[in-house]
Amino acid sequence: MRIATWNVNSIRARADRIEAWLDRSDVDVLAIQETKAKDENFPWELFEFAGYEVAHFGVNQWNGVAIASRVGLTDVQRTFPDQPTFGKPGQEPAQEARAIGATCGGVRVWSLYVPNGRGLDDPHMPYKLEWLRVLEGHAKQWLQEDPDAQIALVGDWNVAPQDDDVWDIQLFKEGGYTHVSEPERAAFHAFIEDAGYQDVVRPRHPGPGVYTYWDYKQLRFPKKEGMRIDFQLCSPALAARVQDAWIDRDERKGKGASDHAPVVIEID
């Protein structure tokens with residue numbers, strides 16, 4: 001069974017590419033982030049015609065997450081328990097469409113679009129850290145309740161946990177950029193060091209230059225100036241079943257590409 005995650009950066013703008021990629025990649029489950037669509041504007045027929053069931057969570061033209069599966073789609077859950085809300089000063093906090101879970105082929109898949117901190121002193125940064133803290137607490141509890149649980153926490157995490165995960169770590173640190181700050185990295189590593197999940201892609205693709213995201217600005221892709229911020233973190237029982245894992249860098253090429261590439265794992 002193949003499970004993929006992909007930040008498509010607008011599902012309607014990328015519909016043709018998504019349809020072609022599903023046909024070419026032969027994936028069984030696709031977790032999608034940044035659909036940028038309300039439920040009523042989501043292209044349900046794209047997936048249904050391709051033989052997939054699909055669940056989507058979108059409330060406005062921002063964010064949005066989905067799971068498409070051809071191996072079953074049950075127990076759909078929009079947001080994880082106690083998922084933090086966000087509101088600008090003077091505004092009522094609202095729930096953003098950033099997490100959706102479903103059971104697909106016996107695997108509990110969570111499609112996650114972690115908030116972007118935007119700036120080290122921006123109000124989005126404490127929101128991002130709290131979002132990750134609450135999710136990690138639940139992820140840890142799920143494994144405590146069932147050590148053999150088959151869980152995949154996948155998506156755009158907006159964190160580069162290792163220095164090799166960005167093209168120029170000195171630029172990022174000296175510039176005071178997000179994604180590489182110690183609090184963000186600590187929040188990510190808690191899923192591995194405290195909760196017990198495993199990054200199943202990095203061990204198979206070590207070293208620098210292994211990226212999943214290249215900004216549209218300043219020709220980052222042809223310059224090979226990318227970041228690795230899209231991950232598949234698997235529970236130990238699921239990680240033991242992983243046979244292969246890869247990043248489909250070619251999907252970042254060409255006209256109309258998303259700024260992220262799909263990340264795929266294959267389990268027995």
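A residue counts as buried when its relative accessible area is under 20%, as exposed when that area is over 50%, and as partly exposed in between. Because the relative accessible area of Asp146 is 37%, this residue is partly exposed. The values in this report come from a predicted model.

Asp146 is located in the loop that connects α3 (124-145) with β8 (151-156). Between the C-alpha atoms of Asp146 and Gly256 there is a separation of 42 Å, and the two residues are 110 residues apart along the chain.

**Cysteines**

The structure contains zero disulfides. A disulfide requires two cysteine sulfur atoms within 2.5 Å. For Cys104, the closest cysteine sulfur is that of Cys234, at 13 Å, and this is too far for a bond. Seen from Cys234, the closest cysteine sulfur belongs to Cys104, so the distance of 13 Å again rules out a bond. The table sets out the values for these residues.

| Residue | Relative accessible area | Class | Closest cysteine sulfur |
|---|---|---|---|
| Cys104 | 0% | buried | Cys234, 13 Å |
| Cys234 | 0% | buried | Cys104, 13 Å |

**The largest pocket**

Sorted by class, the lining of the largest pocket comprises 14 nonpolar, 15 polar and 13 charged residues.

Terms used: Residues numbered from 1 in each chain as written. Predicted model: local features only at pLDDT ≥ 70, side-chain atom pairs only at ≥ 80, totals over all residues. Heavy atoms only, no water. Nonpolar A, V, L, I, M, F, W, Y, C, P; charged D, E, K, R; others polar. Helix = DSSP H or I, 4+ residues; strand = E, 2+ residues; numbered from the N terminus. Buried < 20%, exposed > 50% of the residue type's maximum accessible area, 1.4 Å probe, protein only.
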